[in-house]
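Subject: Handing over the model

Hi,

Here is the model I said I would pass on. Could you open it alongside this email and follow along?

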Amino acid sequence: MAAAPTPDMKKHDLVVIGAGPGGYVAAIRAAQLGLDVACIEKDPRLGGTCLRIGCIPSKALLESSELFHETKHTFAGHGIVAKDVQLDLKAMLARKDGVVDALTKGIAGLFKKNKITRYEGLGRLAGGTQVEVVDAQGQLSARLEGKHVLIATGSTSSTLKGIELDGERVGTSTEALAWPAVPQHLVVIGAGAIGLELGSVWCRLGAKVTVLEYLDRILPANDAEIAKEAQKILAKQGLEFRLGVKVTGARKDKDGALVTIEGQEPIRCDRVLVSVGRKPHTDGLGLEKVGIALDARGRIPVDAHYATSAKGVYAIGDVIPGPMLAHKAEEEGVACVEHIVTGYGHVNYDAIPNVVYTHPEVAGVGKTEEELVAAGIPYRKGAFPYMANGRAKALGANEGKVKILAHKDTDRILGVHIVGARAGDLIAEAVAAIEFGASSEDLARTSHAHPTLAEVMKEAALAVDGRALHI
Ligand code: NAI
């Protein structure tokens with residue numbers, strides 16, 4: 001059989017590898033700025049981990065499972081009688097798939113509108129700013145040359161020594177988004193965002209959930225006081241936390257799974273979710289072809305403008321240092337291409353929020369109290385509980401609080417941390433405040449509509465100066 005002809009070299013201003021939130025947003029922004037953009041994605045659906053197997057499907061299931069749980073347990077408190085509430089898991093999963101499908105198609109539409117050339121296959125660097133596309137059959141399907149190349153290949157789930165992922169009994173978030181039946185007993189390894197969000201989903205649908213965490217606290221990236229409060233609330237909902245335990249293995253065992261723990265009895269269960277972090281995705285990318293060396297944690301080192309050590313090659317998102325968050329990748333993608341085209345482009349990492357979509361949500365921006373103490377920065381702290389807010393009472397959302405940390409001398413807001421209903425929406429005000437260099441006094445003097453949960457933010461800002469009104 002004759003060898004397949006080598007494809008002709010196609011030229012573009014920018015070649016983006018990966019169509020996750022970092023890559024596809026960078027591609028759109030570059031097209032807006034007038035560049036001829038190509039984007040390579042191995043999956044037929046655009047949107048990356050976030051849209052296909054991460055943020056979006058998990059939020060769909062969090063919403064559905066919360067509705068199910070509320071209908072069963074809290075409607076009665078509102079005087080609503082809901083009898084014989086049943087779970088149709090198949091329909092719930094189908095709805096989630098529908099949400100994902102609509103959004104990934106939406107991105108394909110945005111690509112068309114912005115005249116971005118899409119290449120389906122695996123992108124790999126081929127020297128200089130050349131990139132090859134390899135199709136699902138392993139054939140070279142396209143050869144591209146960009147004036148600039150942007151790596152936005154994201155991350156994949158990490159695992160631990162001793163864990164035998166089989167995709168059925170012992171799996172990662174990918175499988176936990178599609179289990180066909182509610183586990184009787186789910187063991188979650190790792191109390192980060194993924195473990196708590198998906199642990200919550202299956203707990204609400206009826207599973208017994210045990211969360212095993214190596215550290216003596218949950219949500220290690222969040223403010224410790226807020227994480228502790230979140231743990232109390234989630235424990236009341238039925239999540240069983242075992243902190244300070246070192247998991248040494250997990251494997252399929254007969255018709256269930258076995259999780260082994262250092263110095264303790266093993267746990268038998270029917271499903272295991274491994275959520276111990278994610279690692280940068282650089283396999284098969286051909287970094288060696290352009291002389292890019294990874295750092296000790298497998299990340300691509302970049303300068304302040306996302307340039308790698310290879311001329312014309314940039315990287316953003318989960319493959320570079322920093323929190324692995326979709327919106328962080330988006331900001332970096334925009335800043336990177338804006339800098340390429342205009343010479344300007346910057347991300348304020350002090351104003352990147354993080355949200356954990358449990359019920360209630362946990363959100364934060366800026367420095368945690370521990371970080372301020374460690375850095376010796378003098379601060380004042382104001383906190384206000386949801387319990388004392390009228391709207392929270394009406395909603396039945398009494399749990400949680402807002403905590404604001406402001407510089408002791410300048411009053412500039414340094415960090416805002418929330419556990420409570422709609423924390424993920426409330427944090428936006430704090431992000432804007434930090435972005436504009438606001439003081440706690442600025443927030444305290446800003447009118448907040450009554451009755452809203454946002455008033456908890458205002459009261460916490462007043463509390464920084466010891467003058468909260470409603471407590
Ligand atoms: P994570 O890094 O947030 O948490 C992993 C947890 O596993 C840590 O608490 C760690 O101490 C624990 N752990 C590690 N080894 C262990 C062991 N041997 N035994 C028991 N516990 C162990 O990782 P996660 O939750 O898997 O999330 C991965 C990434 O995805 C994170 O960067 C996260 O921020 C991001 N993500 C963000 C979401 C959001 O913003 N809502 C949602 C989902 C993921």
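First, the ground rules. This is a predicted model, so local features are given where pLDDT is at least 70, side-chain atom pairs count only at pLDDT 80 or more, and totals for chains, interfaces and linings use all residues. Residues are numbered from 1 along each chain as its sequence is written, and side-chain values use heavy atoms, with hydrogens and water left out.

**Domains**

The protein chain is assigned domain 1 (9-156 + 280-347), domain 2 (170-276) and domain 3 (351-464); these bounds come from an automatic or database domain assignment. Taken over C-alpha atoms, the centres of domain 1 and domain 2 are 27 Å apart. Where these two domains meet, 16 residues of domain 1 are in contact with 14 residues of domain 2 (contact means heavy atoms within 4.5 Å). Between them they bury about 1,200 Å², with 70% of it on carbon and sulfur atoms. Buried area here is the accessible area, with a 1.4 Å probe, that two parts lose on being put together, summed over both. On the domain 1 side, Ile53, Leu62 and Leu89 supply 36% of the area buried against domain 2, more than any other three residues.

There are also 2 salt bridges between domain 1 and domain 2, a salt bridge being a side-chain nitrogen of Lys or Arg within 4 Å of a carboxyl oxygen of Asp or Glu. Have a look, too, at the salt bridge of Arg204 with Glu66, where the closest N and O atoms are 3.3 Å apart.

Leaving out residues up to four places away in sequence, Ser58 touches Leu177, Glu197 and Leu198. For the terms: buried means under 20% relative accessible area, exposed over 50%, and partly exposed in between (1.4 Å probe, protein chains only). Helices (H or I, at least four residues) and strands (E, at least two) are DSSP runs, numbered from the N terminus.

**Helix H4 and what comes after it**

Lys115 follows H4 and has a positive phi, near 55 degrees. Ile116 sits in the loop between helix H4 (89-113) and strand E3 (117-120), and counts as buried at 8% relative accessibility. Its contacts, leaving aside neighbours within four places in sequence, are Ala27, Ile28, Ala31, Val37, Cys39 and Phe111. Ile116 and Cys39 are 77 residues apart along the chain, with their C-alpha atoms separated by 7.0 Å.

Strands pair if DSSP finds at least two bridges between them; E8 and strand E15 (residues 271-274) are joined by 2 bridges and run parallel. Val170 stands opposite Val272 in E15.

Two cis peptide bonds to check:

- His359 to Pro360, with omega near 0 degrees; Pro360 is in the loop between strand E18 (354-356) and strand E19 (361-366).
- His450 to Pro451, also with omega near 0 degrees; Pro451 is in the loop between helix H12 (440-444) and helix H13 (454-464).

- Lys254, not a glycine, has a phi of about 50 degrees. It lies in the loop between strand E12 (247-253) and strand E13 (256-261) and is exposed, at 72% relative accessible area.
- Arg422 has a phi near 55 degrees. It is in the loop between strand E22 (413-420) and helix H11 (423-435) and counts as partly exposed, at 44% relative accessibility.

Cheers
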